Amino acid sequence: MKNIILIGVIVLSNVMLSQVAIGKTSVDGDGLLDFASGTTKGIVLPKVTTLTPQVGSLVFDAVDKKVKLYNGEWIDLSINEGAVDTSDQDPYSEEGGTMIIGSETTSATGVLVLESTTKALILPKIASPHLNVKNPSPGMICYDTDKDLLAVYNGLEWAFWRK
C-alpha cells in the first residue's frame, strides 16, 4: 500500500509541472496536455448547471443543453439545443479537488486547470468524429482532422467551428 501511495505522489508531482501525453509517450511540440492521434475518444466537458464566468472556461451547460465558451461573455458553440442526462453525475463536492497541470498554484476554479503562458491544450484528434465516434457523450470536444475544425457534441448533434 505504501508503494502505491508513493508512486501516486511521484506521478502527480511530475504531472503537475510538466507536459502530459495521454495515450502516447510524448507531447507534440509545445502542448501542455496532448492526446494520441487516431483515437475515437474526445474530452468530455463538465456538465454544469451553474455557470461561473471565468475567461477561458469551456463547459457543457446542462440547463441550455449547449457547449459554451466564456471569453468575457458566454459564446454558444453548439448552435442548437442538445440533450443531456445529469442523473449519472457524481454528487460529491468538488471543493479542494482541483488538479493543476503547468503550475503549482492557480486562482482559477475547476476540476482540471491547465496553467501556462507558453503551452496549449492539444485536443484529441479524430477523423470525422460525427461518423467515427459511435456513442459520444454530451459535451464532447475534439479536433476533426478531416475537416480541420473544432468539433463539439451537444447530446444530439455535432457542431463544427472554424475562426
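Phe60 stands opposite Val67 in strand S6. That pair belongs to a predicted model. The protein has two helices and 14 strands. Its 163 residues are 31% buried. Confidence averages a pLDDT of 80, and 83% of the residues score at least 70.

- S5 covers residues 58–61 and pairs with S4, residues 47–48.
- The pairing of S4 with S5 is parallel and rests on two bridges.
- Val48 faces Asp61 of S5 across this pairing.
- S6 spans residues 66–70 and runs antiparallel to S5.
- Four bridges hold the S5 and S6 pairing.
- S5 and S6 make a hairpin, with four residues between the two strands.
- Lys65 sits in the turn of that hairpin and has a positive phi of about 60°.

**The three-stranded sheet**

- Three strands form an open sheet in the order S1-S2-S10, with parallel pairing.
- S1 (20–22) and S10 (120–121) are the edge strands; each has a single partner strand, so one side of each has no neighbour in the sheet.
- S2, residues 31–35, is joined to S10 by two bridges, and the two strands run parallel.
- Gly31 has Ala120 in S10 as its bridge partner.

**Surface**

- A nonpolar surface patch is formed by Val111, Leu112, Leu114 and Leu121.
- Leu112 is part of strand S9, residues 112–114.
- With a relative accessible area of 47%, Leu112 is partly exposed, because exposed residues must be over 50%.

- Is Ser128 buried or exposed? Ser128 counts as buried, at 10% relative accessibility, because the cut-off for buried is under 20%.
- The loop that holds Ser128 runs between strand S11 (125–126) and helix H2.
- Beyond its neighbours within four places in sequence, Ser128 is in contact with Asp144 and Asp146.
- Val133 lies in the loop between H2 and strand S12 (140–144).
- Val133 is also buried, with a relative accessible area of 9%.
- Which residues does Val133 contact, leaving aside neighbours within four places in sequence? They are Thr40, Ile126, Met140 and Trp158.
- Lys41 is 92 residues from Val133 along the chain, yet their C-alpha atoms are separated by 7.1 Å.

**Contacts across the chain**

- Take the contacts between residues at least 6 apart in sequence: 40% of them join residues at least 24 apart.

**Confidence**

- Which element has the lowest mean pLDDT, and which the highest? Helix H1 (residues 2–16) has the lowest, at 42, and helix H2 (residues 129–132) the highest, at 96.
- Over residues 1–16, pLDDT stays under 50.
- For residues 1–16, the model has seven contacts beyond four places in sequence.

Notes. Residues are numbered from 1 along each chain as its sequence is written. This is a predicted model: local features need pLDDT of at least 70, side-chain atom pairs count only at pLDDT 80 or more; totals for chains, interfaces and linings use all residues. Side-chain values use heavy atoms; hydrogens and water are left out. Two strands pair if DSSP finds at least two bridges between them. Buried means under 20% relative accessible area, exposed over 50%, partly exposed in between (1.4 Å probe, protein chains only). Contact means heavy atoms within 4.5 Å. Patches are made of residues with over 30% relative accessible area and no salt bridge: like charges are joined within 9 Å, nonpolar side chains (Val, Leu, Ile, Met, Phe, Trp, Tyr) within 5 Å. Accessible areas come from the Shrake-Rupley method with a 1.4 Å probe; for residues, only the protein chains shown count as cover. A salt bridge is a side-chain nitrogen of Lys or Arg within 4 Å of a carboxyl oxygen of Asp or Glu. pLDDT is the predictor's confidence in each residue, from 0 to 100.
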